[in-house]
Amino acid sequence: MRPLLHIARRLLAAEPVAFLRGLALGITVLAMGAALLGLSGWFVTAAAAAGIAGIGIGFDFFRPSAGVRFLALGRSGARYGERMLTHEATLRALAALRLGLYAGITRLPFEAQTRLRGAEALNRLTSDVDALDGLLLRLVLPAVSAVAVQAGAFVALWLLVAPAVAWGVLLSFGLGGGVALVFTLRHARARSEATEAALQSLRAQALDLAQSRADLAVAGALARQEAGLAATVRGEARARDGLETTERQGAAAIALTTGLAATVALAMGGSLAAAGTISPARAAIGVFTALALGETLALLRRGLAELGRMQAAGARVAALSDTPARPLPAGPAPHPDPAAPLLQVIALRHHRAGAARDTFGPLDLSLSRGEMVLLTGPSGAGKSTLLAALAGLIAPTAGEIRLLGAPLAAWPEADLRAHLTLVPQRSALIAGSVAENLALAFPAGTALPEAEAWAALEAVALADVLRARDGLATRLGPGGSGLSGGQARRLVLARAVLRRPDVLLLDEPTEGLDPATAGAMLAGLRAALPESGLLVVSHRSTDATAATRSVSLPFHGHA
C-alpha cells in the first residue's frame, strides 16, 4: 500500500485546489441526496397524516416542495461540477505523473534502460498510469466523502429523529457496510490483478505482433502467433468477467446493507412513533435517509474492486518514476585542453556483477583530432559496452576516461553531449517528417537550418534518396518506418553530424550497407567532421580502409 499512498499524494499535490473543490462538491452531492430523500419521506408522510386528520387544507405544501426542487436541482448541478473538476484535475495529474515516469526512466542506468522492451515500456506509460485514474476518483475522494456524509447524517438524525435511530443507521452501515466492502476487496483483489496482468500481456502481444508481422509471415509463424493472441484475448475476457461477477456480488451485499439500515430505522422509528415519542413523519426521515446513504458505499465498491490492479500498477510506476537522481559534477564545465587528446582511456576495465570474467580491459586508448580509429573484436568482446562507458552511460569498474584533457565525470550532462555523441546500433527515429527527426540534434525550439541539414544528408549518402521523395518533408512512420534499415541508420548518422561533436562514437554504422555505399558514407563523415575524432566499432574488413588505425579488443570469454 505504501507505493499507492505515495502515488495518491503525488496526484493530489499536482492539482490540490481542484481536488479540494471536487471533494467539497462530492460531499455536497451525497449530502443533498440524503437530504432530498429525507425531506421527501417527511413531506409525503406528513401530507398523508394531515389528510387523514382532515387538516390537509391547512398543510404548507409549498415550502417542502420548493425544498425538494432545490435539492434535486442543486444535487444535479453539484454532480456536474464535481465531475468536471475531479475528472479534469485527474487528467492533468496523470499527465504530470506520466512526465515523472518519463523522467524516472531517463534516470535509470543505461543497462536497465536497454532491458526495457518497447511493449513493456509502453504498458508502463499507458496501462499502468491509466489504471491509477480511479485512485482518487473512485477510492480516496469517495472514502472521505462517505465518512463526512455518514457523520453528518448521524448528527442530523440525532437532532431531527432520535438518537436511537441515528445509532441504528450508523451501526448498520458501519458493520454491514464494512463486511460488504471487505468482501469485495478480498474477493476482487486477485481477480483485479489477474485482469490487469491479462490486459498487459494482451497489449504487449498485440504490439509485438504488429511490429513483427512481416518477419512472422516470412517465417511461417504468423498463424501461430495470431492464435496465441486470440487465446490471450479470451483469457483477458474471462478475467474481466470474473472481476465483474465479484463487483455484482459486492453491489448485492451493499444493497442488503442499505436494506438492513432502512429496516432498522423503520423498526426503531416505528416503535418511537407508536409510543408517541416522535411523529410518523419524523420517523420517515430516518427510513428514507438510510436508503439514500447506501450511495456512500456504492461509490467505494468500484474503487475497492480495482484496488488490486491499482496496487500492482502503482508499485511498477513508483519503481520506475522514483529512481535516484544521477550524480552531478560539483563545479562548472572544465576548460578543454587543446594539447590533450580528444579522448583518452587509461587502464579501463569493466566487470558485470556476478560475471566470471571482465567484460573488457584493461584497455589503453587515445583518440586525436582528425583520426578515425576502428575498434574490432569478436562478438561478446565488449565493444558496445566500451562505447557506452566512453559515452558516460555506464560506469567502468576501474580505470580512467578523459575527454579533452578532463575526467569524463567532471563534465555536466549538457556540456558532455555537446562534445561527445554516441550513435548506438539501435537508434531512435520518431514518427514525423525527416526534418523533425533531424531537428532533434538542436535545442528545443531551434529552427532546423536546411542548408546544414542537406549537407549532413549528403555526407551520409542519403540526400539523393530523399530528393526523389518529398525532401525534408518526407513522412516517416513509428520507429522510422518508411525507410530501409540502412537508410534509417544513415538518417541517424546525419542527425549526429548536425551536432558537430568533437568525439563521435559509432557502433556498426555500416551494417546493412553495400561496400560502395558504406565507403561513401564513411568518407562523407570524415569530410563533414574533419576536426572530430571518430571511434568506429565494426566487424567489416572493408571499413578498415577508411580508418586511420585499428584497435583490437580481445575476447575474455562469456562474461
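**Entry 1: Thr510**

I looked up Thr510 and found it buried, because its relative accessible area is 0%. Buried means under 20% relative accessible area, exposed means over 50%, and partly exposed lies in between, with a 1.4 Å probe and protein chains only. The model is a predicted one, where local features need pLDDT of at least 70 and side-chain atom pairs count only at pLDDT 80 or more, while totals for chains, interfaces and linings use all residues. Residues are numbered from 1 along each chain as its sequence is written, and side-chain values use heavy atoms, with hydrogens and water left out.

Thr510 sits in the loop between β9 and α18 (515–528). Helices (H or I, at least four residues) and strands (E, at least two) are DSSP runs, numbered from the N terminus. I then listed the contacts of Thr510, where contact means heavy atoms within 4.5 Å. Leaving aside neighbours within four places in sequence, Thr510 is in contact with Arg489, Ala518, Met521, Leu522, Ser538, Arg540 and Asp543.

**Entry 2: Asp543**

I followed one of those contacts, Asp543. Asp543 lies in the loop between β10 and β11. Is Asp543 buried or exposed? Asp543 counts as buried, because its relative accessibility is 3%. Leaving aside neighbours within four places in sequence, Asp543 is in contact with Leu374, Thr510, Ala518, Leu522 and Ser538. I also checked Asp543 against Ala518, which is 25 residues apart from it along the chain. Their C-alpha atoms are separated by 7.6 Å.

**Entry 3: the parallel sheet**

Next I traced the strands. An open sheet of five strands runs in the order β6-β9-β10-β3-β11, with parallel pairing. Two strands pair if DSSP finds at least two bridges between them. β6 and β11 (549–552) stand at the edges with a single partner strand each, so one side of each has no neighbour in the sheet. The twist averages 15 degrees from one strand to the next.

I went through the pairs. Strand β6 (residues 420–423) and β9 pair in the parallel sense over four bridges, and Val423 stands opposite Leu506 in β9. β9 and strand β10 (residues 533–537) pair in the parallel sense over five bridges, and Asp507 stands opposite Val537 in β10. Strand β3 (residues 372–376) pairs with β10 in the parallel sense over four bridges. There, Met372 stands opposite Leu534 in β10.

Helix α17 (residues 485–498) packs on this sheet and touches β6 and β9. The direction of α17 makes about 175 degrees with that of β6. Axes are lines fitted to C-alpha atoms, for helices over the stretch in contact, and angles run from 0 to 180 degrees between N-to-C directions.

How many residues of β9 are buried? For strand β9 (residues 503–507), the count is five of five. Val503, Leu505 and Asp507 are buried on one side, and Leu504 and Leu506 on the other.

**Entry 4: the antiparallel sheet**

I found an open sheet of four strands too, in the order β2-β1-β4-β5, with antiparallel pairing. β2 (360–367) and β5 (406–407) are at the edges, each with a single partner strand, so one side of each is left without a neighbour in the sheet. Strand β1 (residues 343–350) pairs with β2 in the antiparallel sense over five bridges. Gln344 stands opposite Ser366 in β2. Helix α12 (residues 383–390) packs on the sheet and touches β1, β2 and β4 (398–403).

**Entry 5: helix pairs**

Two packed helices are described by the angle between their axes and the distance between the axes. Helix α6 (residues 134–160) and helix α10 (residues 280–305) pack at about 170 degrees, with axes 9 Å apart. That makes α6 roughly antiparallel to α10. Angles under 35 degrees count as roughly parallel, over 145 as roughly antiparallel, 65 to 115 as roughly perpendicular and the rest as oblique.

I then took helix α1 (residues 2–14) and helix α11 (residues 307–321), whose axes come within 8 Å and cross at roughly 75 degrees. α1 and α11 are therefore roughly perpendicular to each other. Pro3, Leu4, Ile7 and Arg10 in α1 meet residues of α11, including Leu307, Met310 and Gly314.

**Entry 6: the cores**

A nonpolar core is a set of buried Ala, Val, Leu, Ile, Met, Phe, Trp, Tyr and Cys residues joined through side-chain atoms within 4.5 Å. The largest has 57 residues, and Leu11, Leu97, Leu132, Leu135 and Val169 have the most contacts inside it. Apart from that core lies another, of 41 residues, among them Val423, Val434, Leu493 and Leu504.
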